[in-house]
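Grab the model, try each task, then check the worked solution.

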Amino acid sequence: MENKKWKKFFSYYKPYKKLFAADMFFACLAAAITLVIPLIIRFITNDVIYRESEESIHFIFLLIGVMIVLIVIEFYSNFFITNYGHMMGAKMEYDMRNEIFSHYQKLSFSFFDNQKVGQLMSRVTNDLFEISELFHHGPEDIVISIIKLIGSFTILLTVNWKLALCAFAIVPVMLVYAYYFNVQMKRIFVKNRARIADINAQIEDNLSGIRVVKSFANEEIEMDKFKIGNNNFLESKKENYKYMALYHSGLTAFTTLITVIVIAAGAIFITKDLISITDLITFLLYINNFTEPIKKLINFTEQFQNGASGYTRFLEMLNIRPDIQDEPNAIELKSAKGDILFEDVSFHYEEHTEMVLSNLNLHVHPGEYIALVGTSGVGKSTLCSLIPRFYEVSGGRITIDNTDIRNFTLKSLRNCIGIVQQDVYLFTGSVMDNIRYGRPNATEAEIVAAAQNANAHEFIMNLPDGYDTYIGQRGVKLSGGQKQRLSIARVFLKNPPILIFDEATSALDNESEKVVQDSLEKLSRNRTTFVIAHRLSTIRNAEKILVLTENGIAETGTHDQLLAKDGIYAELYNMQFSKA
């Protein structure tokens, strides 16, 4: 399992292997140059300055020129690593973000029912940034550090192996120290990620419902709720920074201690003629080249913990398989007539929960207008959500034109169904953008025609920029009736053979309801239509009204027939009429 996990990790490099190879080449080049320059300085101080003055001056200038060229090459190498290397990481992050966003689109309603949007957003933003940093800096830091470490270690041994051993004696203790605190930080990193995701979820929840918050004047309550999550995150940060402080200050102390040991031992060796002052200077130049990659490798583990924990969370999400998918041999649903049959359909949302629908049987003929009524919680919306396979039946089957809906591709099935809901969702953008959502390749003339059919054209033309008017997030600049008519225009543009109206007028005032109701009736002509009704006055003309109870379909008939029965429907109708 672990091998498969990292095999996938390295697969993200594949599209950018040439860029990765170039990045590694320049990383190696930059590391090599940092090793070569001190050797040139040693050569000048150990050899060149003792030659004849004319020869030494010319040779020094030549070597200075060589060092300048090396510095220019090092400059470009570091520029390439920082610029193009980061872009490689950003492109890989882009690929992963596309992958997880695409995966979100495939997951069913049941998944989103149990998730917080803020946490899902955190997987797409914070986690992927940390992963991209690992993609870019990880290989670079390892390659550069190993080259510097091995190179400087080898050079130090050749300069004076006894002094080198004095310097290296402290390294094993340094590594043990670093390993211990890395383990502690890994534990804290995981906790921090979970808590920042919780905070994101709280913020998203608050900002999405800010109008409700303000209408109840509950800003202080929301602030108190947020403080709890924020305090939890702060506490985990405190623990994180404590270990981080011990970690970094300890490493700094160890590297300083190595330098002190080298100076002390070097001074003793000079007094005993075991090393020259030039070699000690060279040694000190290389000590930094030796300790710096050790620190970088140890710091890499911190970066690795960040990236790896984000990558683990990324994979956790990708490994959630959509519970509703196309069958292997699924076919396209084309030119549906709209003949819908429920055969012994049962449904529950989760295992070990009560059935919402049990052994329900229903046959709706093409073009028939069916109204569903009943008290809250009896399964009206659930029944309609099963038709486009937003949820999967727990038992029985649903057919369209005598074919089980599970045999159709999800895309073709849902393309044949238009849904108008009570809670209209409009996207940030213009009026035209939102209507065009019903059919993205529609022409402007088709969009205008759809708006006219939905009784929306007149109010759209009165907006400041007509169809190009920006409507704000979720259409906040429009009234409820206007938003509903735009959603109906979307469905007109889609032109599906099957319609579902989920309490589409229940939240509107009487004037808006009449306009919207006219639009809905026009839309439903010659289409198989399901109407979930809250206001029973809106379904008097339905060809068939189904009264749902916890035990299934209790009554069936027209408005007049059901009133004559003096049963559940009559009771619901009279109750509404008396309130009115």
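**Exercise 1.** Work out the handedness of the crossing of H10 and H11, and how the two helices run relative to each other.

*Solution.* This is a predicted model, so treat the geometry as computed. Start with the handedness: H10 and H11 cross in a right-handed way. Next, take the angle: helix H10 (residues 219-271) packs on H11 at about 165°, and the axes lie 10 Å apart. Anything over 145 degrees counts as roughly antiparallel, so that is what H10 is to H11. Now look at who does the touching. From H10 the contact includes Met244, Tyr247, His248 and Leu251, and from H11 it includes Ile277, Leu280, Phe283 and Leu284. Sorted by class, the contact of H10 with H11 has 13 nonpolar, seven polar and two charged residues.

**Exercise 2.** Is serine 487 buried or exposed, and which residues does serine 487 touch beyond four places away in sequence?

*Solution.* First find serine 487: helix H17 (residues 480-494) holds it. Its relative accessible area is 6%. The cut-off for buried is under 20%, so serine 487 is buried. Leaving out residues up to four places away in sequence, serine 487 touches Val420 and Val424.

Methods: Residues are numbered from 1 along each chain as its sequence is written. This is a predicted model: local features need pLDDT of at least 70, side-chain atom pairs count only at pLDDT 80 or more; totals for chains, interfaces and linings use all residues. Side-chain values use heavy atoms; hydrogens and water are left out. Helices (H or I, at least four residues) and strands (E, at least two) are DSSP runs, numbered from the N terminus. Buried means under 20% relative accessible area, exposed over 50%, partly exposed in between (1.4 Å probe, protein chains only). Contact means heavy atoms within 4.5 Å. Axes are lines fitted to C-alpha atoms, for helices over the stretch in contact, and angles run from 0 to 180 degrees between N-to-C directions. Angles under 35 degrees count as roughly parallel, over 145 as roughly antiparallel, 65 to 115 as roughly perpendicular and the rest as oblique. A crossing is left-handed if the near helix is turned anticlockwise from the far one by less than a right angle, and right-handed if clockwise. Ala, Val, Leu, Ile, Met, Phe, Trp, Tyr, Cys and Pro count as nonpolar, Asp, Glu, Lys and Arg as charged, and the others, Gly among them, as polar.
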